[in-house]
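Subject: A structure for you to explore

Hi,

Here is the structure I promised to pass on. Have a look around first, then read my notes below.

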Amino acid sequence: MLKERCTLPQYETRLVDMLTSGIPVYKQLSTLLSKLKAERLEPALLRFYAYVRGEPVLVVIWARGDSLLGACVETGEGSFQGDRCLEILSQIMSDTETMALVEVLSFKGGEKELGRYKFSRPMSPEKIAEMSGEAKKRVEKPSPTALESMDGIQIGLLLSEVIVASRLLFTAKTPSDALRRARNLSRRNQGSLFRVALITRDGGMYNIFVKAGRVKRVLHLSPSGIEGRIVGEEEPLKEILKRDDIVRITVYRVDCPRCEKLILGD
């Protein structure tokens, strides 16, 4: 079970609803928002667990009327708030397999506390769901061998997709230990791509991609969660592993063949 880091102001549960499979999540949430509006249970927080590729994802949404004002999404990587979580949230909104209980929470005097959840602008569930298709198109524009030709936003979108498509294997105490174990795993599983994620104190993330026992690529995701970059020779891997501001170390298997082609240039 995830450790809940999407902290909330003082609240009470007002009602519980259900998400069922077969209908996109955004449609079901739109119906729920209309119900809350009619019953004057707004503004409200909606809290539920979704499952993305078998991994639990905690979702907390700040809603008023027909719009979502902000959100916090917690994955195995940690918690992502506001615009930083939109890419993951868009995947959930367009999903038709999610089944979950949705808690509708009322809160008192907590809007200031929820400021960190705020989007740049209010958005409908449908608009957020549409971002999933838009992001996919933007990432697919470059050819499979053109990672170097991507701009920072395109690399950031690719990394967002990789995060959603990653299955957590274990956490480690040191970066060197994580890399050693990932290399060993990749030697035994030659066809799989593994990712060592090093999260720094400022919220940035180094992603070390390993296949067949070798480090193939290092990509960095900015603290904003929006822009990515290719880590070059000016920032040697051995120096990254020695950084003293790394606060979380995890290893994942990446289940996204298209992402793998873009990252490795196959």
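Is Asp-177 buried, partly exposed or exposed? Asp-177 counts as partly exposed because its relative accessibility is 21%; buried means under 20% relative accessible area, exposed over 50%, and partly exposed in between (1.4 Å probe, protein chains only).

Before going on, please note that this is a predicted model, where local features need pLDDT of at least 70 and side-chain atom pairs count only at pLDDT 80 or more, while totals for chains, interfaces and linings use all residues. Residues are numbered from 1 along each chain as its sequence is written, and side-chain values use heavy atoms, with hydrogens and water left out.

Asp-177 forms a salt bridge with Arg-181, with the closest N and O atoms 3.7 Å apart. (A salt bridge is a side-chain nitrogen of Lys or Arg within 4 Å of a carboxyl oxygen of Asp or Glu.) Both residues lie in helix α5 (residues 175-188), 4 residues apart, about one turn of the helix; helices are DSSP runs of H or I with at least four residues, strands are runs of E with at least two, and both are numbered from the N terminus.

The whole structure has 12 salt bridges. In one of them, Arg-217 meets Glu-148 at 2.7 Å, N to O. This pair links distant parts of the chain, 69 residues apart: Arg-217 is in strand β11 (residues 214-221), and Glu-148 is in the loop between α3 (125-140) and α4 (152-164). Arg-217 counts as buried because its relative accessibility is 16%, whereas Glu-148, at 54%, counts as exposed.

Enjoy exploring!
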